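Visitor: I would like to learn how to read a structure feature by feature, with the rule behind each term stated as we go. Could you take me through the one shown here?

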Amino acid sequence: RRAKYFDGVIALFLLCGLAVMLVAGGSLFSHLWGWRLETGFLLNGVFLYLVMLIGIKGMLWLNTLLIPGLIFISASIAVNSIGSGGAPQSLPLESGFLMQNWLMAALLYVSYNVVLGMVVLVTLGETARQVGSKGVFLGGLILGLLAVLLSLALSSNLDLINGRDLPLLILAQRQQKQLSQLFAFVLWAAIITTALGNGLGLVKRLQQFPFGPKPLVTALPFLPSLAFLGWPLMRAVGVIYPFLGYVGLVVILAIVFKRFCGRKACRHF
């Protein structure tokens with residue numbers, strides 16, 4: 001029974017991840033070519049649907065090449081942008097129903113990433129055991145350093161990027177045209193491969209049930225995503241990720257309770 005609950009959490013994370021990636025693709029196309037958010041969203045969705053029908057699962061391995069490149073380019077843009085717009089300023093935090101203050105924002109961010117990490121590790125299976133704690137430490141260290149660089153770069157150019165989607169792309173366009181074009185392509189490819197991984201994970205789960213032929217089953221994960229059609233990226237991230245953070249908190253508390261409570265108290269948990 002617990003496995004079904006956790007599988008449901010995985011499906012929720014995959015579904016929300018797919019929606020955010022489609023919104024990100026729409027925002028990217030809108031920023032590059034001035035298209036409507038809905039146009040970019042639907043074009044990326046149709047492209048993903050066709051790829052998923054073909055079943056090119058090897059395309060997922062592009063992340064192995066793309067993510068290091070994306071990290072390197074992002075770090076280069078951030079280093080060149082630090083101090084270019086003045087002294088770093090405090091980044092604004094929009095408070096709301098899902099995220100009240102910076103402490104809650106930090107807690108939800110950690111919660112979301114912890115559960116997302118568990119989702120990835122469960123998906124990798126035995127491969128995750130081979131990577132071990134060294135890989136986790138190295139990945140956390142690299143992402144932590146990158147987060148510091150990006151925070152300094154964004155806070156140094158707050159007047160330029162405040163309230164804008166894809167702020168790092170805006171900073172890249174101020175530096176070199178070729179660099180911004182390369183970053184935009186790598187970013188789009190990373191969006192597509194991430195969305196593809198989420199979509200294929202959902203289709204794999206749906207195939208356990210007799211929903212119908214493959215074209216129908218492949219289309220089902222996209223239907224809930226249509227609720228976010230036309231949403232700007234900042235709004236989608238500001239709603240979906242805090243929501244997943246709260247879901248992650250429930251999962252983490254359940255795991256901690258299971259780990260430390262007595263056997264009798266946990267036998268029905």
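Guide: Let us begin with burial, where a residue is called buried under 20% relative accessible area, exposed over 50% and partly exposed in between, with a 1.4 Å probe and protein chains only. By that rule, buried residues make up 35% of the 269 residues in the protein chain. This is a predicted model, in which local features need pLDDT of at least 70 and side-chain atom pairs count only at pLDDT 80 or more, while totals for chains, interfaces and linings use all residues. Residues are numbered from 1 along each chain as its sequence is written, and side-chain values use heavy atoms, with hydrogens and water left out.

Visitor: How many helices and strands does the protein chain have?

Guide: Helices (H or I, at least four residues) and strands (E, at least two) are DSSP runs, numbered from the N terminus. Here the protein chain has 12 helices and 0 strands. As for contacts, meaning heavy atoms within 4.5 Å, residues 24 or more positions apart account for 78% of those in the protein chain with a separation of 6 or more.

Visitor: Which side chain meets that of Arg205 in a salt bridge?

Guide: A salt bridge is a side-chain nitrogen of Lys or Arg within 4 Å of a carboxyl oxygen of Asp or Glu, and by this rule the count comes to 2. In one of them, the side chain of Arg205 meets that of Asp7, at 3.0 Å from N to O. This pair links distant parts of the chain, with Asp7 in helix H1 (residues 2–33) and Arg205 in helix H8, 198 residues apart. Asp7 is partly exposed, with a relative accessible area of 30%. Leaving aside neighbours within four places in sequence, Arg205 is in contact with Asp7, Ile10, Ala11 and Leu14, and its side chain also reaches the backbone oxygen of Gly201 at 3.1 Å.

Visitor: With which residue does Arg36 form a salt bridge?

Guide: Arg36 pairs with Glu38, the closest N and O atoms being 3.5 Å apart. Arg36 counts as exposed at 57% relative accessibility, whereas Glu38, at 25%, counts as partly exposed.

Visitor: Where is Leu166 found, and is it buried or exposed?

Guide: Leu166 is found in the loop between helix H6 (158–161) and helix H7 (167–173), and at 12% relative accessibility it counts as buried. Its phi is near 50 degrees, a positive value in a residue other than glycine.

Terms used
Polar contact = N/O pair within 3.5 Å; in protein donor to acceptor, adjacent residues only side chain to side chain.
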